[in-house]
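Hello,

Here is the structure we talked about. Please look it over, then read my notes below.

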Amino acid sequence: DPAMVHLLLRHAERMMPYIRPFPKIARKLLKVALRVFGGGEENRVQAFLVVRRLALEMPFPFIEGCFKGLYLTYVRHCKFSNPNVAAGQAFMAQCVVELFGLDLKVAYEHAFVYIRQLAIQLRAALTSAQNKSAETHQVISSWQFVNSLKLWARVICAYPAEQQLGALVYPLVQVTLGTVQHLNAPKYYPLRLQLCNALIRVGRLADVHIPLAPHLLELLTKRDLYKTSAKAGTTPVDMPHTVKVSSVVLDTRVYQEGALDETVRALLLFFGAHCYSPAFPELIVPAVMQLKLFSKATQVARFRRQIKDLTERLERNAAFIARARATAGLTPQTDGPASALAPSGGAAKTSQAPLHNAWEQSAVMVGGDLKDLLEGRNIKVTPGAPKEAGDDSDETGSDEEEDDG
């Protein structure tokens, strides 16, 4: 009975001070909470609150079991994806982000191990023999592998500072770009687009430049987009919830239009993430050249309009940055952050770049904050201050006392 399970979990959370002296009982409670968390959505919130309370209350190293258990439960639950389960998966991913923020030193160790496991799987796919390549290829193109990469991108976006999890940006980017380059068949374009979108937000929030434009512009080199497809198609492809499409769908007009729409949106998001960079006018030069070549080559009026509009927006932003950096006296020798020309909080709209809206959107993760996801459920999450990776304070969580009321 879901109502009875909810009642038991709620009272178990309140009895945590009495469970703390009994690690064996705490481990059994953790297993039950993780099983409920990976089950139906009725009690997922309460199960997460129990796991979180156990991580805070129990002495070290109990928190490591909480981190590992919640992550593996999420991975097991993400063997497939569709619009019906996307909201639940986003909530579970944000729960992992929230839990890993309780102790960033332990979180770094676990994140490093799991990203390394993904790298090993990718290396196996790159170096496997001919008779094993199909199996390893299937592993890195599975929903579990893709969702794991997207999850770690989300975790790093939540704690991007160098003293937090910023040191993991480079290995995550290497594994993700390796996956994008290896799965270069046209049928995997939806998967590659999802990974590029995840890296756009990592680059924006970690304030680093990740060269994603060549991967996003690759679609424009396909001659299929130079003319209207004879096959109309029936149902549009849901890009965010698709890893690959069949050869029949690849040639349809509906897929081509959807793929170009998502590509233009991703390019806008990518360049929007750098729209306040002093190097923006030089950054867009190769992209603008390729966009103009595609605009001249394609015979589809709709595609020409979309690419022309994107090109004009990029050029307007480049002109804005050129004027701003000349006024500020910035030169190539000037040291500063990638968003050195970003306006302050109370700046007028006239001082905002033409791609300012895309710049703001590039910092938003799908699924939102955990507090937003819990809104309307009458559940209060007691905030736990995340420990920095270099913090030498007590790791037992004994100072993280919470109100049981």
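**A leucine on the surface**

Leu-8 counts as exposed because its relative accessibility is 56%, and the cut-off for exposed is over 50%. Keep in mind that this is a predicted model. Leu-8 sits in helix 1 (residues 2-14). With Met-4 and Leu-7, Leu-8 makes a nonpolar surface patch of about 280 Å².

**Overall build**

The protein has 19 helices and zero strands. It has 405 residues, and 46% of them count as buried. Take the contacts with a separation of 6 or more: 75% of them are between residues 24 or more positions apart. The accessible surface is about 20,000 Å², and carbon and sulfur atoms account for 55% of that.

**The core**

In soluble globular proteins, nonpolar side chains tend to be buried together. Here the largest nonpolar core holds 123 residues. Those with the most contacts inside it are Leu-54, Leu-70, Leu-99, Trp-152, Phe-271 and Leu-314. Helix 14 (residues 253-273) gives this core its largest share, eleven residues.

Which residues does Phe-271 touch, leaving aside its neighbours within four places in sequence? They are Ala-213, Phe-280, Leu-283, Ile-284, Ala-287, Leu-314 and Leu-355.

**Helix 17**

Helix 17 covers residues 301-328. At 1.5 Å a residue, its 28 residues should span 40 Å. Its end C-alpha atoms are 41 Å apart, which agrees. Its buried residues include Phe-303, Leu-310, Leu-314 and Phe-320. After helix 17 comes Gly-329, with a positive phi near 70 degrees.

**Salt bridges**

The whole structure has eight salt bridges.

Glu-98 and Arg-52 meet through their side chains at 3.0 Å, N to O. Glu-98 is in helix 6 (residues 83-100) and Arg-52 is in helix 4 (residues 44-57), so the pair ties together parts 46 residues apart in sequence. Both Glu-98 and Arg-52 are buried.

Glu-257 forms a salt bridge with Arg-302, with the closest N and O atoms 3.4 Å apart. Glu-257 lies in helix 14 and Arg-302 in helix 17, so this pair ties together parts 45 residues apart in sequence. Glu-257 is partly exposed, at 27% relative accessibility. Arg-302 is partly exposed as well, at 30%.

Arg-302 also meets Asp-261, at 3.1 Å, N to O. Asp-261 is in helix 14, 41 residues from Arg-302. Shared partners join Glu-257, Asp-261 and Arg-302 into one network.

Best wishes

Note on methods: Residues are numbered from 1 along each chain as its sequence is written. This is a predicted model: local features need pLDDT of at least 70, side-chain atom pairs count only at pLDDT 80 or more; totals for chains, interfaces and linings use all residues. Side-chain values use heavy atoms; hydrogens and water are left out. Helices (H or I, at least four residues) and strands (E, at least two) are DSSP runs, numbered from the N terminus. Buried means under 20% relative accessible area, exposed over 50%, partly exposed in between (1.4 Å probe, protein chains only). Contact means heavy atoms within 4.5 Å. Accessible areas come from the Shrake-Rupley method with a 1.4 Å probe; for residues, only the protein chains shown count as cover. Patches are made of residues with over 30% relative accessible area and no salt bridge: like charges are joined within 9 Å, nonpolar side chains (Val, Leu, Ile, Met, Phe, Trp, Tyr) within 5 Å. A salt bridge is a side-chain nitrogen of Lys or Arg within 4 Å of a carboxyl oxygen of Asp or Glu. A nonpolar core is a set of buried Ala, Val, Leu, Ile, Met, Phe, Trp, Tyr and Cys residues joined through side-chain atoms within 4.5 Å. The expected span of a helix is 1.5 Å times one less than its number of residues.
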